[in-house]
Amino acid sequence: MEENINFEKEIARRIKLLKDYYHVHNFSMDGIQTEVDKLIKFIDGMPESKLKHQAYITAYGWSDKEEYKTIREKEIELYGGDPDAAQRYVHEFWDKYANKSSDEEWLKGIDSEDGIVKVEIMEDSENAVGEMLFWRGACNIRLKNFAEARKDFETAAKKLNRDNSYHPNAIAGIKLADLLGDEPDKYIISTSGVTGERYRLYDGGKRLDFLEQPGFSNSNGTKNRYDCIYYFSAGMKKSSKFFDLNMREGETVGEDTLVSKNETITIVAGTFENCVHVKSTSDDYFKDVLSETWYAKDVGLVKCIVKNETQEEVYELCEYKINGGNGYMPVAAGNIWKYKNVNIPEYYQQILEFEIVSVFDEPDTGSKYIYMAALCVLRNSYENCDSDTHISIADYALPNEKPNEWDFEQAIKNLKLAVQKNSSVKASLFALNALEYFEKCKEYQGKGYRFLPSHTCGSSINIADNEIRYSESNVYSLSPFRWGSRHAENKIFGIKPFRFLKKLAGTLYSDKWIAGYSEQKTLDEGELSIKAEDGGTVTTKAGTFENYIKVTFDLALPDGANYYADNFKYMHCGTKIYYYAPNVGIVKFDCIWGDSLSSSCELSEYKSAATNGEYMPIYIGNHWIYDEMTLEEGYIARRKYDIVSGIENEFFLIDEQEFMYLGTEEEYEEFKKSKGN
């Protein structure tokens, strides 16, 4: 260990990186043990001091190894309290409530003795209390308690350190509360969200990286899906890079290609010369998303195009204020950039504002750490509703997990208005199909049936490079949604054949899948085996089919993983068996999730409007309806895929799922008891 190291400064830097790990890694602690081990190795080499043992306490506290708990407790006993207990507790609190509880339940938890009351009495808890207050404000925003939300965000901003990303997060929250609290009954909200974003500018201003983005967003529409443009410019990539001016024109490094350093572009805010133009692909999570960005010197990001296989959004700078700084990211507190999606009709109100709240220099490296408050809102007045807005209003009539508040009459009314408005072909086609779907749901509701996860969606299919690419629910989605409570109900994943093909193969069918074909592919989860063989005759509810092709996918569950954990993250693992019949498509689909569960779905109805011998025919008018065959009697578990429109190789697909128990809530509970689960 070098004698001239400033241990106090260096250990503070390393501990901050450890504390940031949770946010930088998308609210995940996966892999943190490696970083803890590196930190402990560094601490081992420090000279004996109280600082050394306080550092041990922190490191052991963030470890996920059981044996470190004993060491940590001994260190605390000998050398004092745990300075990071409050921060870790907030992370544990987040894991308990976020995306698992209603806002009412989450708010109640925050206000309980196990919530903010407990955090406030912990050592060095100001930042942890600030984070807790931020999430209290987020709950109040979603519950439309805008005045209360503003108080929460304002108090959070006062408590949080300015080098904590939750500080700009709270600043953006204040802006959102003020905006939504002004004439709240005038607008229908399509998108609203706030984030606190942190970037690092270094290498003499030649490289800018995205570091983290805590916050929240709510979307009830099809527009401005990519309005977090700074995230989609850099954060969606493993490199997390906005630009690197050390790259040569035309050079590709990782996911990024520096196209040009001297383009002239004209946008809403004016004409800008000598712009840097970057094209980027995304990592595996957003593998279908591409971005193009332009940066103007002494201005910053001026244009961003984000697109997937079926949707493209073009964002342009429309207003900006530069208080100071230079280069392709001028850095000074108070610098503001405002953008608009130029393809959105003018009767929508767009607020896409990004403001630098704080800047911190790191003299040793020459880096600047930038803390940005981001506010993204898209809304429309009730007076100017188009078809998309009426579909959004229909969605508001069906709050998730609140069946007593489902208003199918209101949803049907707005879907009829969407058809009458007829502002787009896709919106009208979706609304027509959704009307039929919700008439059935209203009937089920009248009979008191127990709803399980159900939806009607607008999805898409794109054919390119001999691949049939499916994008689920990427256009519209309406859902009378309610979670089930029996393990056996996870069989519903057995009627999602298109979803698993996308994840495993990237296509709904490949001409390579002929008898005798086999392939090994390396996925993030491990080795995938694909095997194709000729079948004979298979009989399903829809009839008997000959000359089918059987394709089997085997992907072992990663060590320590669970099929159903982390929002059903690994349901594509296990064994998936597809039966393809000529001129029809998938006629049967079997899922085996280890020893824990299995499912089989069969084609029950279909229409092949125009086919030419294909094993996966994709034409307008074709549709498929599948039933899950292994659930006990008393369920509807059905999925429909219906190709309703398209031009050339782009198709619009209605994608429906009916899943419910054909009995009342009381009968459902009695049924569960009789089955022992």
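Within the antiparallel pair formed by strands E22 (residues 574-581) and E23, Ile577 stands opposite Asp590 in E23, and seven bridges join the two strands; strands (E, at least two residues) and helices (H or I, at least four) are DSSP runs numbered from the N terminus, and two strands pair if DSSP finds at least two bridges between them. The model is a predicted one, in which local features need pLDDT of at least 70 and side-chain atom pairs count only at pLDDT 80 or more, whereas totals for chains, interfaces and linings use all residues. Residues are numbered from 1 along each chain as its sequence is written, and side-chain values use heavy atoms, with hydrogens and water left out.

On its other pairing, E23 runs antiparallel to strand E24 (residues 597-607) over six bridges, with Ile592 placed opposite Ser598 in E24. Both connections are hairpins: three residues separate E22 from E23, and three residues likewise lie between E23 and E24, where Gly594 in the turn has a positive phi of about 55 degrees. Eight of the nine residues of E23 (residues 585-593) are buried, so this strand is largely enclosed by the rest of the structure; buried denotes under 20% relative accessible area, exposed over 50%, and partly exposed the range in between, with a 1.4 Å probe and protein chains only.

Most residues other than glycine have a negative phi. Asn583, in the loop between E22 and E23, has a positive phi near 70 degrees although it is not glycine, and with a relative accessible area of 30% it is partly exposed. Glu648, which lies in the loop between strand E26 (635-647) and strand E27 (650-661), also has a positive phi, of about 50 degrees, and counts as exposed at 71% relative accessibility.

Ile586 belongs to the largest nonpolar core, of 62 residues, and is listed with Phe498, Trp513, Phe553, Tyr580, Met616 and Trp624 as touching the most other members; such a core is a set of buried Ala, Val, Leu, Ile, Met, Phe, Trp, Tyr and Cys residues joined through side-chain atoms within 4.5 Å. When residues up to four places away in sequence are not counted, the residues touched by Ile586 include Pro497, Leu501, Leu603 and Tyr626, contact being defined as heavy atoms within 4.5 Å. A second, separate core of 48 residues includes Met236, Leu245, Met247 and Ala296.

Among the helices, H12 (residues 387-396) has nine of its 10 residues buried, so it is largely enclosed by the rest of the structure. The buried residues, among them Asp388, His390 and Asp395, pack against strands E1 (187-202), E12 (348-362), E13 (367-381) and E16 (467-478), as well as helices H13 (408-421) and H14 (425-446).

Helices H6 (residues 103-111) and H8 (residues 126-142) pack at an angle of about 150 degrees with their axes 9 Å apart, where axes are lines fitted to C-alpha atoms, for helices over the stretch in contact, and angles run from 0 to 180 degrees between N-to-C directions. That makes H6 roughly antiparallel to H8, a term applied to angles over 145 degrees, while those under 35 count as roughly parallel, 65 to 115 as roughly perpendicular and the rest as oblique. The contacts between these helices involve residues including Trp106 and Ile110 in H6 and Met132 and Trp135 in H8.
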